Amino acid sequence: MLYFGSFNPVHNGHIALAEYATERGLADETALIISPHSPYKEQTMLASETDRLEMAEIACAASRYPDRIRPSAVEFLLPRPSYTIDTLRFLEETCGREMRFSILMGSDQIAQLDGWKEYEKILEYPIYVYPRRGAKAERHLDRIRLLEDAPLQDYSSTEVRAAIERGEDTSRMLAPGVADYIRRKGLWNPADRMAALHAALAAEPENTALLLERGRLHYRMNEWGAALNDFNAVLRLEPGRTEARQFAEMVEEILAFRYKDIYNP
């Protein structure tokens, strides 16, 4: 069973799903296919391939079935960007005589499948769909198997990274070895990320994705004036950017309440 994802970082929800697939006999082995860069995701918070692979190795080794749940770096060897159908073709060509492949994906992904490269070919494989919060599987129901009793992932890698940046306890979300690796490597450290964003924006001062990310980080660090400046910069470049407008309004409310006499970000 091929479980595709950026695993940025791999968390307990990912491993719980792989363990579920093993316990239900859905596959002899589950491979976490670590994507070097998804064509559908921004790369600004993506840890290095090596770091994500090492964290996945730690998490899989700590699972209940370390001999049947393993990470794979196969997509690191293929042309970029990585597309699922290209990976499937490579695996068929290299391992197709010894293995049969199925796919594990979230209900949010099946809703977007029509936009994937050669998605009709992907639907020729057995596809198992697990539930994701706020995303009901409604497409291709005649071609997939819904895993309605699979463990629900009640947090995402995005939420894990945000918790790390805020210095919050992540013990329920991360295997101890993964959490220790993140600490040792300083991954998603707020100060380091802020420095990287400053450098990136010095080279691309009108990159709205970077401005928005820096604004969000300023916001999480309670740096209200700097956050508002970034959100307003996004709105000057993209007046219709809803997220930036919402954040700007929240910051203005905070400043108006806390600093009534000196409100001048």
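Predicted model: local features only at pLDDT ≥ 70, side-chain atom pairs only at ≥ 80, totals over all residues.
How are H9 and H10 oriented relative to each other, roughly parallel or roughly antiparallel?

Two packed helices are described by the angle between their axes and the distance between the axes. The values for this pair are set out below.

| Helix pair | Angle | Axis distance |
|---|---|---|
| H9 (residues 208–220) and H10 (residues 224–237) | about 155° | 8 Å |

An angle over 145 degrees counts as roughly antiparallel; with about 155° between them, H9 and H10 are therefore roughly antiparallel to each other. Their crossing is left-handed. On the side of H9, the contact is formed by Thr208, Leu211, Leu212, Arg214, Gly215, Arg216, His218 and Tyr219. H10 contributes Trp224, Ala226, Ala227, Asp230, Phe231, Ala233, Val234 and Leu237. Taken by residue class, the contact of H9 with H10 comprises 10 nonpolar, three polar and three charged residues.

**The cavity**

Rolling a probe the size of a water molecule over the atoms shows where empty space is left. How many cavities of 30 Å³ or more does a search of the whole structure find? The search finds one, and the volume of the largest cavity is about 30 Å³. Its lining consists of Phe4, Thr84, Ile103, Leu104, Met105, Gln109 and Trp116. Strand S4 (residues 103–106) gives the most to this lining, with three residues. By class, the lining of the largest cavity holds five nonpolar and two polar residues, and no charged ones.

Definitions and conventions
Residues numbered from 1 in each chain as written. Heavy atoms only, no water. 1 Å grid on protein atoms, 1.4 Å probe; cavity = no way out; pocket = protein on both sides within 12 Å on 5 of 7 lines; lining within 4 Å. Points joined across faces, edges and corners; volume = space filled by probe spheres on them. Helix = DSSP H or I, 4+ residues; strand = E, 2+ residues; numbered from the N terminus. Nonpolar A, V, L, I, M, F, W, Y, C, P; charged D, E, K, R; others polar. Axes fitted to C-alpha atoms, helices over the stretch in contact; angles between N-to-C directions. Parallel < 35°, antiparallel > 145°, perpendicular 65-115°, else oblique. Left-handed = near helix turned anticlockwise from the far one by under 90°. Contact = heavy atoms within 4.5 Å.
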